[in-house]
Amino acid sequence: MFYSRLSMLNEIIEDNKIKKLQNYFASLNQNNNDKITLSKIVNEIDCSEDEAALILNKCIVNGIVGLSFGIRCPECGMLIKKIESNDVSQLSLNECYSCGECIEVSEMDIVALFYLKVDIPPFELGQREKTVKINTDNQVALCDTLKALSVFGFDENIFKSNGVIIHNNDVEIKKELLNKQRAIEIEIDKKVFSKYITNRNLLIILLLSLLVLGIIVCFKLYDVMSQKNAQIYNIIAFGGMAICPILAFLLKLVITIDKNVIREDIYSKYKYKIIDLKQQIEEINNKYR
């Protein structure tokens, strides 16, 4: 069953991903329960970096994990040291014990390490070894750095409460691009709704007009034909009544009230703008992967 504190994640990810996350947390032991990273969340539950950042935000706020820091080798990407703060100015570290390369550590090499604060059972009791994959690897990715987390939407207030101030122009650029994308999506939604209401009302008016016209024609025909040839009148009246639903069907084809069709038509006018914005956002993301 789901661990109760993880249930708040259903606003962000699907139940199957919450289950994978619970099993991942349950698989951690004393050797690796303080080395949770954004990249491991991404790999374990198959989500995007932006989703993983939101998950870690929620987990910190709900007391599931805490935040600490480490140094990543700029050459091999190995976690080589845990540190108390994000200040590397006084850090004496010139060589990576893993790859043996001489290194010069900068702010870009500080990674966010998350540690488990609570004991979480596996999703299915008794299935710990069968359903989870234990990962004790000290490998950390570029997306685990503090600057990368800020780009992927990690809460800056959580950073500030831990004494971390991130200066990264890409964060503001990405926010601006996302705001433009959301503005276009909101505009599309408004136009879809407006077009749907307009088409629906127009269709109702035309169908009612068609019905009234049909009734008037029938009465006029009756006045003219009833005295002369009732049989011909009946044929014409029947034909007129049969044509009405046909015309109504044709009207529905011309004036659509299918929101999906309306959305596709309106989206096509913004398609290349949205694609361009997504490409710019992806270019920023790729710098931190």
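Which side chains meet in a salt bridge at 2.8 Å, N to O? They are those of Lys82 and Asp34. A salt bridge here is a side-chain nitrogen of Lys or Arg within 4 Å of a carboxyl oxygen of Asp or Glu. Lys82 lies in strand 2 (residues 79–83) and Asp34 in the loop between helix 1 and helix 2, so the pair ties together parts that are 48 residues apart in sequence. Lys82 counts as partly exposed because its relative accessibility is 41%. Buried means under 20% relative accessible area, exposed over 50%, and partly exposed in between (1.4 Å probe, protein chains only).

The model is predicted: local features need pLDDT of at least 70, side-chain atom pairs count only at pLDDT 80 or more, and totals for chains, interfaces and linings use all residues. Residues are numbered from 1 along each chain as its sequence is written, and side-chain values use heavy atoms, with hydrogens and water left out.

The protein chain has nine helices and three strands. Helices (H or I, at least four residues) and strands (E, at least two) are DSSP runs, numbered from the N terminus. The order from the N terminus is α-α-α-β-β-β-α-α-α-α-α-α. Of the 289 residues, 39% count as buried. A contact means heavy atoms within 4.5 Å. Among contacts with a separation of 6 or more, 70% come from residues 24 or more positions apart.

Ile110 lies in strand 3. Ile110 counts as buried, because its relative accessibility is 1%. Asn16 is found in helix 1. At 45% relative accessibility, Asn16 is partly exposed. The C-alpha atoms of Asn16 and Ile45 are separated by 8.4 Å, and the two residues are 29 residues apart along the chain.

Helix 3 was examined next. The 13 residues of helix 3 should span 18 Å at 1.5 Å a residue, and the end C-alpha atoms are 18 Å apart, which agrees. The expected span is 1.5 Å times one less than the number of residues. Its buried residues are Glu49, Ala52, Ala53, Ile55, Leu56, Asn57, Cys59 and Ile60. These buried residues pack against helix 1 (15–27), helix 2 (38–45), strand 1 (65–72), strand 3 (110–116) and helix 6. Just after helix 3, Gly63 takes a positive phi of about 70 degrees.

Another positive phi occurs at Asp46, near 60 degrees, in a residue other than glycine. Most residues other than glycine have a negative phi. Asp46 is found in the loop between helix 2 and helix 3. Asp46 counts as exposed because its relative accessibility is 56%.

The search of the whole structure finds twelve salt bridges. One joins Lys191 and Glu187, at 3.6 Å from N to O. Both residues lie in helix 7, four residues apart, about one turn of the helix. Lys191 is partly exposed, with a relative accessible area of 38%. Glu187 is also partly exposed, at 34%. Elsewhere, salt bridges that share partners join Glu14, Lys17 and Glu51 into one network. Glu14 counts as partly exposed at 44% relative accessibility, whereas Lys17 counts as buried at 14%.

On a 1 Å grid over the protein atoms alone, a pocket is an open set of points where a 1.4 Å probe fits, with protein on both sides within 12 Å along at least five of seven lines. Lining residues have an atom within 4 Å of a point. Grid points are joined across faces, edges and corners, and a volume is the space filled by probe spheres set on the points.

The largest pocket has a volume of about 620 Å³. Its lining holds 29 residues, of which Ser150, Val151, Gly153, Val171 and Lys175 lie nearest the centre. The elements that give two or more residues to this lining are helix 3 (49–61), helix 5 (146–151), helix 6 (156–161), helix 7 (169–225) and helix 9 (259–286). Helix 7 gives the most, with eight residues. The lining divides into eleven nonpolar, eight polar and ten charged residues. Ala, Val, Leu, Ile, Met, Phe, Trp, Tyr, Cys and Pro count as nonpolar, Asp, Glu, Lys and Arg as charged, and the others, Gly among them, as polar.
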